[in-house]
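Here is a short report for a first look at this chain. Keep the structure in view as you read.

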Amino acid sequence: MHNYKIINTKKKNKDIIPEAYTSFRWYLKPVKLAVISAALVVLAAGCGNSRENFLDGVGTVLPLAGVPAGEDWYCQDYLSEDVCVIPAGRQNKTDKNLPASSVLLVNATKNEVVYASNIYEKLYPASVTKIVTALVALKYGNLDDIVTISYEASHITEYGAKLCGFNEGDKVKFEKLLYALMIYSGNDAGIAIAEHISGSTGRFAKLMNKEMEELGAVGSHFTNPHGLHDDNHYTTAYDLYLVFNKLMSDYPKFTDIISKGSVKVKYKDASGQKKEMDFTSTVKYKINTETAPDGVKVTGGKTGTTQMAGSNLILHSTGADGNSYISAVMHASDVYSLYDQMNYLLSIEGKQEKHSKAAKDTP
């Protein structure tokens, strides 16, 4: 068996990659994944016939696996038979309609990448971080638990941080905190969830990183559950896709949460008095302030915006062809550009042949 070291060779990102990232604790451990190197399993449709590692070119070396089943797209057995990506060197030529730092559109029904640009670039995710928080919460948490809001959760002082407005001592159902986290993007809900599961945000962040490693999301490192800026808190569009795909596939509750345009959260304050707050989605498609292209139905997703991260959005949608899609736009210049680009991505759902050809033509 072998361990595979992650090495960053992209100069322009070295300022956001901590030195510890290359230490032994950041080695991949395929031994955890069912003795993969003992027998490389034959995958289903979607994998290419090249032996090129799909992360070649970004400095990350992983074990190759898979057998021919086409000529464009590539799989890695250590991830999942339901995850297909393109090699870093064969992503689409830049589309002038998609100027964001990183863009990804995947046909999740066929496990085919429709469009990919800089999907392994390490970027600040802002509140899109919360999909990772949701994954950990749904895996380890009990939806029926009652959570007591702590001083830390109720005293976030960072300028511009979005808050639900819970006070110290408030008692909120864990399930409702998840709704507040994903729909309204409440940072206080994120801290409350983290503390309830792990005892502190620091220990919760370690659990987030462990779960990312087990998913094969090797380009990420998280320091908090909410996405407020930290230089050592970053991810990639591809890693976010892995998380989102896992949530949509394995956690029906997540689908239910992100499909809501608003939610009422009932809880009790420290004195036992009943309270209620209404929270509205930050995803414009869910509150009818943005319209998806004809034939496209947006299930829901997660936004994220900070000065350092720009405007970000990951979505699940159903295309006019009836297939399921996951789309991500990272580091758009502003919210208007973000939705212009996302609408453009949604408009090409079901048109894989035209857009995936660009990847094939890339040297």
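Which residues in α5 are buried?

## Helix α5

Thr201, Phe204, Ala205, Leu207, Met208, Asn209, Glu211, Met212 and Leu215 are buried in α5. Buried means under 20% relative accessible area, with a 1.4 Å probe and protein chains only. These buried residues pack against α1 (130-140), α2 (151-154), α4 (187-198) and α6. Gly216 follows α5, and its phi is positive, near 85°.

The helix covers residues 201-215. Its 15 residues should span 21 Å at 1.5 Å a residue, and the end C-alpha atoms are 21 Å apart, so the two agree. The expected span is 1.5 Å times one less than the number of residues.

## Basis of the model

This is a predicted model: local features need pLDDT of at least 70, side-chain atom pairs count only at pLDDT 80 or more, and totals for chains, interfaces and linings use all residues. Residues are numbered from 1 along each chain as its sequence is written, and side-chain values use heavy atoms, leaving out hydrogens and water.

## The whole chain

The chain has 9 helices and 11 strands. These are DSSP runs numbered from the N terminus: helices are H or I, at least four residues, and strands are E, at least two. Of the 363 residues, 56% are buried.

## Nonpolar cores

A nonpolar core is a set of buried Ala, Val, Leu, Ile, Met, Phe, Trp, Tyr and Cys residues joined through side-chain atoms within 4.5 Å. The largest has 67 residues. Helix α6 (residues 237-250) gives the most to this core, with 9 residues. Another core lies apart from it, with 22 residues, among them Val114 and Tyr115.

How values were computed. Buried means under 20% relative accessible area, exposed over 50%, partly exposed in between (1.4 Å probe, protein chains only). Contact means heavy atoms within 4.5 Å.
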